[in-house]
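Please read the following report alongside the sequence and the coordinates.

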Amino acid sequence: MNRSAPVIVGAGPAGVRAAQTLVAHGLRPVLIDEAARAGGQIYRQPPQGFARSKKALYGFEAGRADGVHQAFEAVRTSLDYRPQTLVWNAQPGLLDLMDNTTQAASSLAWEELIVATGATDRVLPFPGWTTPGVYTLGGAQVALKFQGCAIGRTVVLAGNGPLLYLVAYQYAKAGATVAAVLDSSSLADRTAALPAMLGQPALLAKGIYYLAWLKLHGVPVHTHAQVLRVEGDSRVQSLAWRHANLAQPGGKVGTEQVIPCDAVGFGYALRSETQLADLLGCRFQFDAMQRAHLPVRDRAMRSSVPGVYLAGDGAGIMGADAAELAGERAALALLQDRGVAIDGARVAQIEQQLAQVAAFRLGLERAFPFPQGWAAEAPDDLVVCRCENIRAGELRAAVRDCGAREMNRLKALTRVGMGRCQGRMCGAAATEILAQAAGLPVQEVGRLRGQAPIKPIPIGLHLSSALAVTASDTALQEDAS
Amino acid sequence: MSQSLQPQLVRLAEHERATVAFTLDGRAVTALEGDTVLTAVLTNAGSLRRNEFSGQPRAGFCMMGACQDCWIATADGERLRACSTFIRAGMHLLSGSGEGA
């Protein structure tokens, strides 16, 4: 039987382990990645010629990062590896690609596809978040890890989730001044979450270590902190905040405090990059824990579409360690479905470890509860869509005056989610505002549908590709701007 | 120094690299080899572009090719995604915030 090579999208921990597993079983998969070097965001490698050690770059994760990098190097010549390549459209049996360096377009037929597209920060904005000097937590980390730069001299880090403390620790350790860590959750949340997290003591210990290190080194850490706004016209000059528990709104609220700073990093845990799964027709379901509609996958990482497997954070946030396991499991499922004999004991071991991680994630959600009161607090003049400057009040007006009750209707009425980022930065926030304004639970307002191209491509490429792809208004908007 | 010329990013490590000369809004400046266009510009200035809708300056946001808020114009009329394009000697970049803008 002459089958085409399996295709993997994404060379982070999930994609690399999937590739390694397929190679170990005698296949030569195609591995497509937008970055120039393998590792994904979490284990992103600096450009060639940078000098810092892996210990300096990845800290406690150095061994993990090195493991993924080495696994990739070991199979590199056994892969059809395509770095700096964007998958901008996915259809049954066909992917549309663009080489990011030459902007050359191509198509790739697929029969089996492992989608490992990862995640970005979940953003809940505050007034002033579009000011130069305000970045996501992940972005702040990329600046340091990938470029050796801090986002500013005096940095405030805000939001919640494990990345908050990790970035604060990495920044302070690298010599940046961390003026404050503003955590929307509290120590009480963490204590309540302890029983669920004890199953993964190493991960728990790291979190405790970062917090202890920050306190020891005099970094102010405030909990139940609500960011009110960033001040400054063309640069960040200060950040205003107050004590308030947005996870359980209605309680006591503190007085406003102002911290002088020239940069801010913020984020509220992560959100999955689900666009390709969506274009491929995978079934989605609302996940209450992650407060998002996610593509459904079984324990073997099979999606609802035959031949499509979903590994890593791109189909629900499980973290990097789980992504490695999920990548391997997806590859083993693909092999199973081909009729290749695989190691059943290894399958059982992976599934058991993934179940333990799932229990830990439940604990993490409790440790860093979503700030449910965020939408009610968002002022009408808050810019929600940074691409097209669409404000919360415009979204609320569409609900009030036009009866919008669903995200794609809201998008059609206001253009929210239609700009260049395709809702990656505004989607979570717009969903919260719609649900709050309409008085509906967040699971009932739907999700933004994925649209090709999932990232901007030049119009010349679009036309020359000569494929029967309808130019969506997003594509036209990209190129008109 | 005017606000727009004040750098946003601060180099904390990896100083030992060859310099790369380019121009920003007509001004001759330098970066280091391996810098992205974003790093090259924001270690020399405070922003990359202006938002088409608000007219306000922007300096990127996600740093990982997702937000699309770091596209910068070149003198040739090209647009580059600054966080995922490496700086090359002789690039002529326009942030829309320079003296001539």
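The sections below take up these topics in turn.

## Basis of the model

This is a predicted model, in which local features need pLDDT of at least 70 and side-chain atom pairs count only at pLDDT 80 or more, while totals for chains, interfaces and linings use all residues. Residues are numbered from 1 along each chain as its sequence is written, and chains are lettered from A and ligands numbered from 1 in the order in which they are written.

## Domains of chain A

The domain assignment, which is automatic or taken from a database, divides chain A into domain 1 (7-120 + 271-342), domain 2 (123-268) and domain 3 (378-444). Taken over C-alpha atoms, the centres of domain 2 and domain 3 of chain A are separated by 25 Å. Five residues of domain 2 are in contact with eight residues of domain 3 in chain A, where contact requires that the C-beta atoms, placed from the backbone, lie within 7 Å.

## The parallel sheet

Helices (H or I, at least four residues) and strands (E, at least two) are DSSP runs, numbered from the N terminus, and two strands pair if DSSP finds at least two bridges between them. In chain A, five strands form an open sheet with parallel pairing, in the order S3-S2-S1-S7-S21. Its edge strands, each of which pairs on one side only, are S3 (80-82) and S21 (308-310) of chain A.

Strand S2 (residues 30-32) of chain A is joined to S3(A) by three bridges, and A:Val30 has A:Asp80 as its bridge partner in S3(A).

## Helices H4 and H5 of chain A

The axes of H4(A) and helix H5 (residues 162-174) of chain A come within 10 Å and cross at roughly 30 degrees; such axes are lines fitted to C-alpha atoms, for helices over the stretch in contact, with angles running from 0 to 180 degrees between N-to-C directions. H4(A) and H5(A) are therefore roughly parallel to each other, a term that covers angles under 35 degrees. Among the residues that make this contact are A:Leu137 and A:Leu144 of H4(A), together with A:Leu163 and A:Val167 of H5(A).

## Contact between chains A and B

The contact between the chains takes 40 residues from chain A and 36 residues from chain B. On the side of chain A that touches chain B, H4(A) gives the largest share, five residues.

A:Ala150 stands opposite B:Val10 in S1(B).

How values were computed:
Contact = placed C-beta atoms within 7 Å. Parallel < 35°, antiparallel > 145°, perpendicular 65-115°, else oblique.
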